[in-house]
Each structure stands twice: as structure tokens, then as C-alpha cells.
Amino acid sequence: MRARDLLADFPVVALDSSAIEAARLLADQDLPGLIVVDNAGSPFTILPGTQVLRLAVPAYCQDDPALARVVDEAHADRFLRGLDGLSVRQCLPKEHRELPVARPEATVLELAALMARTRSPLVAVVEGGRLLGAVTLQALLDRVL
């Protein structure tokens, strides 16, 4: 089985997309992550859902769980509003990680190794610089188990 056999259409967001709209897309479609594309439509980065959460949750709450406990539910939604007016580009992590991209001919083991190595629940499948779609961890597990 190859990546092309597990391939599915997958929504993308552009670097200049609204960060809040990107977060809503992730939540509304119950996606494992987001594929962020550049102006040419090629994958720029992949943000796992947990990384998107990091965009909305203040660093002090991530660093100190005790601080997160003192914020009540009524105020927790205000953090997401902190993304309002920001682009995806402005919210990207500073460190660059390996981009989980594979060719359509990649094997299931290659896909699994790439997901494990990059800690990404999805892999963008690209051919000739063109994004064909994505393989999700769920699709991979559904087909091999």
C-alpha cells in the first residue's frame, strides 16, 4: 500500500489566513492538524492540532499548570480571542521543524516513520511541487490494523 492509496482531500490554510479562522476550521471539521501553504500552494508547514492550541493558550499557562487551574471557564474563551487580527504567519513557531511531506509512492512504513519522527498526525502528499492531499494517522491506522 502506498501514500496514493491512502490519500484524501484535505483543507489548507494560507500563511496570510486569519489565525482565528484557521483555529475554527480545525475545530469545526475535527481535523488532526492544518496544512499551511505558501503563495504557490505548496506546503509551508503542518501544524498538528496541539500546536494550534499552543497558539491560543498563553505561554504562562503552558509553563505553569497551576496558573491554568485558576482561570475559570468564563474567562478561558478570551484566550482564543487573542488570535483575532493575527495571521497564521504571525503565529507560527520560530523554530523550523522537518516538514512531513511524502511522495505518492511512499510506503506505509515510510509514512508511519515520518509521522513518528515529525510528531505529526498527518503527512502532506506532494508530486512535482503540487499538493495532492494528505494521509492522516487515522487513515493509516484504519488501513493497516
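Q: Hi! How many cavities of 30 Å³ or more turn up in a search of the whole structure?
A: The search finds one. On a 1 Å grid over the protein atoms alone, a cavity is a set of points where a 1.4 Å probe fits but cannot get out. This is a predicted model, where local features need pLDDT of at least 70 and side-chain atom pairs count only at pLDDT 80 or more, while totals for chains, interfaces and linings use all residues. Residues are numbered from 1 along each chain as its sequence is written, and side-chain values use heavy atoms, leaving out hydrogens and water.

Q: How much space lies in the largest cavity?
A: About 30 Å³. Volume here is the space filled by probe spheres set on the grid points, which are joined across faces, edges and corners.

Q: And which residues line it?
A: The lining of the largest cavity is made by Ala19, Ala23, Val52, Leu55, Leu83 and Val88. A lining residue has an atom within 4 Å of a point.

Q: New topic: how many salt bridges does the structure hold?
A: Five. A salt bridge needs a side-chain nitrogen of Lys or Arg within 4 Å of a carboxyl oxygen of Asp or Glu.

Q: Which residue does Arg24 form a salt bridge with?
A: Glu21, and their closest N and O atoms are 2.8 Å apart. Both residues lie in helix H2 (residues 19-28), three residues apart, about one turn of the helix.

Q: Is Arg24 buried, exposed or partly exposed?
A: Arg24 is partly exposed, at 41% relative accessible area. Buried means under 20%, exposed over 50%, and partly exposed in between (1.4 Å probe, protein chains only).

Q: What about Glu98 and Arg117?
A: Their side chains meet in a salt bridge at 2.9 Å, N to O. This pair links distant parts of the chain, 19 residues apart: Glu98 is in the loop between helix H7 (88-91) and strand E4 (101-102), and Arg117 is in helix H8 (residues 108-118). Arg117 counts as exposed at 51% relative accessibility.

How values were computed: Helices (H or I, at least four residues) and strands (E, at least two) are DSSP runs, numbered from the N terminus. On a 1 Å grid over the protein atoms alone, a cavity is a set of points where a 1.4 Å probe fits but cannot get out, and a pocket is an open set with protein on both sides within 12 Å along at least five of seven lines; lining residues have an atom within 4 Å of a point.
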